[in-house]
Amino acid sequence: MEVKLNVDDNETKEFKSDIHKDEKNEQDIQRQEDESYDESDKINSHDNSQESGTEVLREEISRLKQTSESNLTKLRYLLADYDNYRKQIEKQMQGKVESTKAELILKIINIYDDYLRALNTVENNTCSPAIVDGLNGILKNIETLLKSEGVLEIEAIGTPFDANVHDAVGFASSEDQPENTVVDEVRRGFMLNKKVLRPSLVILSKKIISNKDTEQPKME
């Protein structure tokens with residue numbers, strides 16, 4: 001009987017050992033499953049974190065892009081304003097230079113007029129031909145200087161009156177010329193770069209009115 005009991009005890013121990021192994025295996029399986037779930041949660045959490053970071057990065061890029069475009073627009077307006085200001089300053093400076101040049105040339109023309117009058121006086125007084133030739137040479141130099149600076153004489157005698165370039169200072173009766181035609185020039189006029197530097201002082205023709213023109217036809 002004792003031997004039998006020993007056999008039963010061994011069987012019982014083996015059975016318990018098998019149960020314990022099965023429980024351990026189940027625990028191992030459960031632990032592996034839990035670890036698998038934890039790993040999956042970590043992966044999902046990492047993916048969500050990456051998506052959130054990407055969205056934040058996109059928003060930051062969009063904000064920086066808008067700021068850059070705004071600054072670029074402001075810079076373009078600033079450059080346009082500067083270019084307009086530069087052109088305005090250049091125009092003002094050019095106008096100042098032309099005005100100063102016109103004043104200087106006008107003074108030279110006034111001296112030129114005085115020189116012409118003096119030369120005519122010398123020629124009428126039968127001065128030495130050598131002196132007259134020398135004075136004429138100086139006159140040509142003055143005329144060459146004026147032309148080189150863009151000064152041109154205004155055409156006057158024989159042309160219709162033009163208030164833009166002529167100043168009428170008197171009238172003269174004329175049968176050959178149409179009315180308001182320049183028949184004489186008191187003072188020559190000049191233009192500088194297509195602008196009137198000094199208008200011509202002129203005498204205009206005036207139609208002669210005879211008694212025949214004023215007679216009225218008699219009524220029968």
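**Salt bridges.** I looked up Asp114 first. Asp114 forms a salt bridge with Arg117, and the closest N and O atoms are 2.3 Å apart. The model is predicted, so I read that distance as a computed value from a predicted model. Both Asp114 and Arg117 sit in helix α1, three residues apart, about one turn of the helix. Asp114 counts as partly exposed because its relative accessibility is 44%.

Next I took Arg188. Its side chain meets that of Glu153 in a salt bridge, 3.3 Å from N to O. This pair links distant parts of the chain: Arg188 is in the loop between β3 (182-187) and β4, Glu153 is in strand β1 (residues 151-153), and 35 residues separate them. Arg188 is partly exposed at a relative accessible area of 24%. Glu153 is also partly exposed, at 44% relative accessibility.

I then searched the whole structure and found nine salt bridges. One of them joins Arg86 to Asp83, with the closest N and O atoms 2.5 Å apart. Arg86 and Asp83 are both in helix α1, three residues apart. Arg86 has a relative accessible area of 31%, so I list Arg86 as partly exposed. Asp83 is partly exposed too, with 26%. I also noted a network of salt bridges that links Asp83, Arg86, Lys87 and Glu90.

**Aromatic pair.** How many aromatic pairs does the count come to? I get one. Tyr112 and Phe190 form the pair, and the geometry is edge-to-face: 6.4 Å centre to centre, 80° between the planes. Tyr112 lies in helix α1 and Phe190 in strand β4, so the pair ties together parts 78 residues apart in sequence. Tyr112 and Phe190 are buried.

**Core.** I turned to the largest nonpolar core. It has 14 residues, and those with the most contacts inside it are Ile105, Ile109 and Val151. Helix α1, α2 (129-148) and β4 (190-192) each supply at least two residues of this core. Helix α1 gives the most, with seven residues. I checked Ile105 beyond its neighbours within four places in sequence: Ile105 is in contact with Leu146, Glu149, Val151, Leu192 and Leu197.

**Surface.** Which residues make the nonpolar surface patch of about 380 Å²? I find Leu72, Leu75, Leu78 and Leu79. Leu72 lies in helix α1 (residues 2-124). Leu72 is partly exposed, at 39% relative accessibility.

Last, I looked at Lys207, in the loop between β6 (200-206) and α3 (211-214). Lys207 is exposed, because its relative accessible area is 56%. Not counting residues up to four places away in sequence, Lys207 touches Ser174 and Glu179.

Methods: Residues are numbered from 1 along each chain as its sequence is written. This is a predicted model: local features need pLDDT of at least 70, side-chain atom pairs count only at pLDDT 80 or more; totals for chains, interfaces and linings use all residues. Side-chain values use heavy atoms; hydrogens and water are left out. Patches are made of residues with over 30% relative accessible area and no salt bridge: like charges are joined within 9 Å, nonpolar side chains (Val, Leu, Ile, Met, Phe, Trp, Tyr) within 5 Å. Accessible areas come from the Shrake-Rupley method with a 1.4 Å probe; for residues, only the protein chains shown count as cover. A salt bridge is a side-chain nitrogen of Lys or Arg within 4 Å of a carboxyl oxygen of Asp or Glu. Helices (H or I, at least four residues) and strands (E, at least two) are DSSP runs, numbered from the N terminus. Buried means under 20% relative accessible area, exposed over 50%, partly exposed in between (1.4 Å probe, protein chains only). A nonpolar core is a set of buried Ala, Val, Leu, Ile, Met, Phe, Trp, Tyr and Cys residues joined through side-chain atoms within 4.5 Å. Contact means heavy atoms within 4.5 Å. Rings of Phe, Tyr and Trp (its six-membered ring) pair if their centres lie within 6.5 Å; planes under 30 degrees apart count as stacked, over 60 as edge-to-face and the rest as tilted.
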